[in-house]
Structure formats: structure tokens, C-alpha cells
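These notes are meant to be read beside the model, one point at a time. Please keep the chain in view and find each residue as it is named.

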Amino acid sequence: APGQETTVTFAAYNPTTVGLNTMTVSVPADQVALNDTKSWVQETTTNTFAYADSTLTGLGGVGYNTGSGLLLTRYFVDGPASVNSVNVHIATGAAITGNTVYAVLIDTSGTIVAQSANYTIVAGDLGTWKTFTLNTPVNFDTEDIYVGLAQTANANTGYFPVSFQSENPTRPAAYYTAALTPAGLSPVSGFRLLVEAVVAPACAV
């Protein structure tokens with residue numbers, strides 16, 4: 001009906017080949033044909049979980065300003081997989097350089113089960129994907145995981161290290177914030193964090 005909104009869920013969607021897949025939702029033809037369909041392109045890979053699209057245009061930066069905390073993305077591991085690294089797209093802004101960050105991997109109990117070494121952001125990292133290798137790969141099997149970046153505090157100069165894309169509507173229960181401990185795990189909405197989880201190449205995702 002005019003003005004009606006509906007969420008469409010692809011419950012049985014399970015691609016089995018690597019490459020690009022186009023999903024389309026449509027309504028019957030009406031007097032305005034330009035908005036009768038909506039398509040979304042998804043890329044199936046052998047080793048990377050990601051929500052961000054590849055256009056990488058109109059990005060912003062998000063973070064804790066002068067404070068500290070975790071910026072996380074939740075993924076569902078469907079079957080066995082070994083998570084070994086985290087990719088984070090570093091935002092732009094001179095204030096980001098010189099600050100210390102590290103990647104974290106958190107299980108469903110809210111425990112940090114792996115993290116990378118501390119890393120000091122340099123100017124060449126701005127606006128690029130940075131890979132953080134975890135100190136030890138962690139095996140998961142049919143469960144949720146949280147991966148993300150830990151932002152340490154800078155009391156003098158605030159910074160916003162993680163790139164984000166606009167997402168409307170925001171997918172539910174996908175993006176989270178938490179303290180470094182990581183207490184207070186809470187969902188956030190209104191944007192899509194550019195954070196990826198990388199698993200062993202032998203595991204299809």
C-alpha cells in the first residue's frame with residue numbers, strides 16, 4: 001500500500017560460488033515505475049566477512065574523541081572457521097596519526113579471546129585498509145563473533161579512527177561499542193562500520 005514499509009529477509013539465501021550476486025526486491029508495476037525495484041550487490045569470498053560495500057565514497061570517521069573504547073562489528077560464523085586477522089578502514093584526519101590502536105576479537109560471552117599488537121597510526125594509513133594480525137587464531141563454529149578496533153585515549157587531541165558508511169535502515173544488532181575491558185557492550189545504529197573479519201582460506205563464508 002502507499003507509504004507502507006516492509007523488511008524483506010532472505011532466510012534461505014546461501015550462495016555456494018565465489019563472486020558477485022545481485023539480490024532484487026520488487027513490487028508490482030504502478031504509476032511510478034522508477035521505485036518499483038531495489039537491488040543490492042553482494043560479493044561472496046572464501047575468507048572475509050564484511051558489511052561495507054566497495055564504493056568507499058562519502059566516508060566519515062567515528063571514534064571516542066579524547067576517550068577510549070572499542071568499535072565492533074558482529075558477524076555470524078556459519079560452520080567452523082578460524083579467525084586470524086581483522087581489517088579496519090582507517091578514516092582520514094591528521095589528528096588520527098600518532099595514536100595507538102589495536103584489533104580485538106570477542107566471543108559471545110563478551111570476552112576478548114585474541115587481539116593484535118599495539119599499532120601507532122601513521123599518515124600513510126589514512127584512508128586505507130589496515131590489516132591487524134591477531135596474536136593467535138581462534139576457532140569458532142556456528143556462533144556470533146565481534147571484531148573491531150580498540151581506540152586508546154588521547155586527552156589532548158580527540159580523534160575518530162574508524163571509517164563508516166551511511167546505512168539506512170541500519171541492519172539490526174550488527175555494530176557495537178564497548179569499553180576497552182570490554183564492559184558495556186551496546187549496539188549502535190545509523191552507520192556501517194568498515195571492519196572485516198578474516199578467516200582461514202579453507203573456510204567458505
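1. A residue is called buried when its relative accessible area is under 20%, exposed when it is over 50%, and partly exposed in between (1.4 Å probe, protein chains only). The model is a predicted one, in which local features need pLDDT of at least 70 and side-chain atom pairs count only at pLDDT 80 or more, while totals for chains, interfaces and linings use all residues. Residues are numbered from 1 along each chain as its sequence is written, and side-chain values use heavy atoms, with hydrogens and water left out.

2. Start with the interior, where a nonpolar core is a set of buried Ala, Val, Leu, Ile, Met, Phe, Trp, Tyr and Cys residues joined through side-chain atoms within 4.5 Å. The largest such core holds 34 residues, and the members that touch the most others are V88, L105, I145, V147, V162 and L193. At least two residues of this core come from each of strand 5 (69-89), strand 6 (100-106), strand 9 (129-151), strand 13 (191-193) and strand 14 (195-199), where strands are DSSP runs of E, at least two residues long, numbered from the N terminus. A second, separate core has nine residues, including L70, Y102, Y146 and A178.

3. Two residues show how such contacts (heavy atoms within 4.5 Å) are made. Leaving aside residues up to four places away in sequence, I145 touches T73, R74, Y75, V77, V83, L105, I106, F140 and A197.

4. How many residues of strand 14 are buried? Five of the five are, so strand 14 is largely enclosed by the rest of the structure. In a regular strand the side chains alternate between the two faces of the sheet. Here V195, A197 and V199 are buried on one side, and E196 and V198 are buried on the other. Two strands pair if DSSP finds at least two bridges between them; strand 14 is joined to strand 3 (residues 48-49) by two bridges, running antiparallel, with F49 opposite A197. Five bridges join strand 14 to strand 5, also antiparallel, and N87 has E196 as its bridge partner there.

5. Next, consider the charged pairs, where a salt bridge is a side-chain nitrogen of Lys or Arg within 4 Å of a carboxyl oxygen of Asp or Glu. The count by this rule is four. In one of them D53 pairs with R192, the closest N and O atoms being 3.3 Å apart; D53 lies in the loop between strand 3 and strand 4 (60-62) and R192 in strand 13, so the pair ties together parts 139 residues apart in sequence. D53 is partly exposed at 26%, whereas R192 is buried at 4%. R192 also forms a salt bridge with E167, with closest N and O atoms 2.9 Å apart, and E167 is buried at 8%. A network of salt bridges links D53, E167, R171 and R192.

6. Finally, R74 and D144 form a salt bridge in which the closest N and O atoms are 3.1 Å apart. This pair links distant parts of the chain, with R74 in strand 5 and D144 in strand 9, 70 residues apart. R74 counts as buried at 18% relative accessibility, while D144 is partly exposed, with a relative accessible area of 22%.

Methods: Helix = DSSP H or I, 4+ residues; strand = E, 2+ residues; numbered from the N terminus.
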